[in-house]
Amino acid sequence: MSVLFLLISALILIYLGVGGTIAALVMSIATLVGLFQDEWHIASIVFGGLFLALALILAIPSELRLDKFSRPLLGWVRNRLPRLSSTEEEALKSGSVDWDGELFSGKPQWSKLLDAKPAHLTSEEQAFLDGPVEKLCAMLDDWKITHEHYDLPEKAWKFIRENGFFGLVIPKEDGGMGFSNTAHSEIVMKISTRSVSAAVTVMVPNSLGPGELLMHYGTDEQKKHYLPRLAGGEEVPCFALTSPVAGSDAGAIPDKGIVCKGEWNGKEVLGLKVTWNKRYITLAPVATLIGLAIKVYDPENLLGDNADIGVTCVLVPRETEGVHAGARHLPMNTVFMNGPTWGKDVFIPMDQVIGGQDMLGKGWTMLLECLSIGRSISLPALGTGAGKVASLATGSYAYTREQFGRSISQFEGVQEALEPIAGYTYMMDAARLLTSGMLDRGVRPAVPSALLKYRNTDLMRIVINHAMDVVAGRGVITGPRNFLARAYQAVPIGITVEGANILTRSLMVFGQGAIRCHPFIVDEIAAAGMEDEDQAAKKFDSIFYRHLAHTTRNALRALVLGLTGGLLETVPRQGNIQSSYRQLARFSAGFALMTDVTLLSVGGGLKARQRLSGRMADCLVQLYYATAVIKQWHEEGYPDDQRPLVDWCLQTCLRDLQHSMREAIINFPVAALRWPLRLLVFPLGATGLNGPNDKLGTRVAASIVEDTPLRQRVSRGAYTTMDPDDPLGRVLNAYKLANETSGMRSRLHDAIRNRDEDDLDGIALLMGHERKELVDWACAEGIVKADECDKLQEALTALYDVIRVDAFDEEGLKALSRCAKGKRKVVERPVKE
């Protein structure tokens, strides 16, 4: 019993993370006692012997340990740790770690999540959303933008410039609005629910672009000159990063600047002769100020001995001789300004280097810092906006559309499609707000920004596809009535830009996160890279054994929490979701263990193991999104009506998390480690996390169908209108009338079902499209009251109008063709239905 007691004590110490040395010593004593008392069998002796050896290693003098153990271990670890390129080293130095670090730790501190300052809007920011943003949305007609003008209307461009939309994040002292990152996200999201083209036009100058780079790195002279002009719309900016041959590989940028002397404003100055060829550059066709990422070379050593200076960010005024722009790409029937820009041997002075001459070669760090901001806001906001407008419009359409005398929202097949629309929209919104809250606290979330961009755009695709399934034929016909077409067409844009999702998932999220967020790996890589072997061994010695204790603790936590269902974990009681907290803690420990095993066994080969990296990225995504949902529910005070959505999101994340982790283990590239990992992470097998059941799914589907505050919460932040001539307003107006006349229509349907089968005229009337005659018959029969007839007539007309689609006769199609060629107005000539 004494042996068992000591053994359990040691395991508890390791589990609690008290200290590897103390735990190893206790375990060693248990081994020795067991040997003398003959209480141990051979396997236990071997197991205990390992701890005894570890205790001895930790107990011996540091110099002896360095020579006998740490130096040889350092040599072995050097061959296992990932090797970082110069761009990857720069990436690790940029950005910061926040809640993502807790998820990688294996033991997340829930108080850090719940107590963190949440995303919020000031009264000024809310007024801007309710005022200028609402007015901008009202003046946008997406059909005309995409099929007649191929551009935003001039009044919209003027309104955007005059009302500070290009300077949302520029400080007030520099002429901007000085808004928070959360406000930036809310503004982009709301505009995107009206027009993707307008949202992209607004978001680009406020995310990755000259303005943001100048704010963080510009010289005082550059800030004073450019920021007020950018904020007021006098300058329209773009930033050109992508080259045709480099794509997402920034390290392979072929665009260059050669240090030389040249003439600028009539004077000979030191500068750069710049040559570039960029594509996919948003706002390039109309930009007056072009930001460029180039590689700078100094072949004549005008600046020193280093001829290869590196990636640099520069500003090139559009009117500079040799600059070419103006041609346009047309991204998937959205018409935001996008196109190529190029130039050959264009001379600019050193004053046009962002940050001045001192920032030559530091462009990659600058870009990474700013990418973490833009990637956290722009496309995640667009993805969430698509989910909100899909929830609002599709839920309304499902309620108003009737088949077989019933709303199709009552059909289980339709509910099965509505369920993920509502659930994933709530999930996207929670993750968006968690991340924007980080930004407002000064965090530069490099890893969350990548996973948020990847997951929100991917969920956008899922949500819009489900919405199209529900709307069916109504959603596939082109025309001004279609309220889903543009979002559907825009999905590939979000998937592709700012780092294609395949690249982001398979290389960036886990590849960067495993190193950046790990408590020891960065220091171990630094030690392995030190030239002084003595200093390297000392640094490694101070880290490695703590790393070993960290890994052991997570292995034990994963096993114990897996065996007990997390019951030993202390978790918050708010919200009565302790079981979800415990499962998340369990999987965080398993994820941390697998991260360590992956780094030490696969090491530098991780880049080539993209299926493994992608599955581990999916694990992190599910951990992050589940905890984001918890954070959002916490900030809103745990309202009961949101409980079905919260439960659905948590159960979905845990199911998908379990699946991704099992797939990672089953396919782990080192076959000998599969069985031990499966034993530690899934000691009882993968059971019990099956996702939401049908009953919960039905309640979640109803959240965007029933006219309740919960429906308003899911779609909160979307632009709405009740104008029956507007594509969205048409369906919302019909939804309102359908709710107001539900009792009348129910009585009418009962009368139809109970009609006299011999009444052939009545049957023909009821089965036809003559709504006035139908209402007159219902009034004459006393089915509805006299004062209800007009309202019923209005509702039936609106319900029929919702299901109508656009149709063009031959002249209408010719007009459409003429418009495409000459930007003339299309005159719709509807065909009688």
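These legends accompany close-up views of a predicted model.

**View 1. The surroundings of Y625.** Neighbours within four places in sequence are left aside here. Y625 is then in contact with M427, M428 and A431, among others. The list also includes L451, L452, R455, N456 and L459. C653 is in contact with Y625 as well.

**View 2. Packing of helix α22 against helix α23.** Helix α22 spans residues 533–564, and helix α23 spans residues 578–601. They pack at an angle of about 140°, with their axes 8 Å apart. Angles over 145 degrees would count as roughly antiparallel; α22 and α23 are therefore oblique to each other. Their crossing is left-handed.

**View 3. The residues between α22 and α23.** On the α22 side, the contact is made by H547, H550, T551, N554, A555, R557, A558, L561 and G562. Helix α23 contributes A585, R586, A589, G590, A592, L593 and D596. By type, the residues of this contact divide into 7 nonpolar, 6 polar and 3 charged.

**View 4. Y150, a residue with positive phi.** Y150 is not a glycine, yet its phi is about 55°. The residue lies in the loop between α9 (142–149) and α10 (154–162). Buried means under 20% relative accessible area; at 19% relative accessibility, Y150 therefore counts as buried.

**View 5. N576, in the loop between α22 and α23.** N576 has a positive phi of about 55°, although it is not a glycine. The cut-off for exposed is over 50%; at 53% relative accessibility, N576 therefore counts as exposed.

**View 6. Helix α13 and what covers its buried residues.** Helix α13 spans residues 210–217. Its buried residues are P210, G211, E212, L213 and L214. The cover over them includes the helices α12 (196–206), α14 (220–231) and α15 (363–400). Strands β1 (237–240), β4 (289–297) and β5 (308–317) are also part of that cover.

Methods. Residues numbered from 1 in each chain as written. Predicted model: local features only at pLDDT ≥ 70, side-chain atom pairs only at ≥ 80, totals over all residues. Heavy atoms only, no water. Contact = heavy atoms within 4.5 Å. Axes fitted to C-alpha atoms, helices over the stretch in contact; angles between N-to-C directions. Helix = DSSP H or I, 4+ residues; strand = E, 2+ residues; numbered from the N terminus. Parallel < 35°, antiparallel > 145°, perpendicular 65-115°, else oblique. Left-handed = near helix turned anticlockwise from the far one by under 90°. Nonpolar A, V, L, I, M, F, W, Y, C, P; charged D, E, K, R; others polar. Buried < 20%, exposed > 50% of the residue type's maximum accessible area, 1.4 Å probe, protein only.
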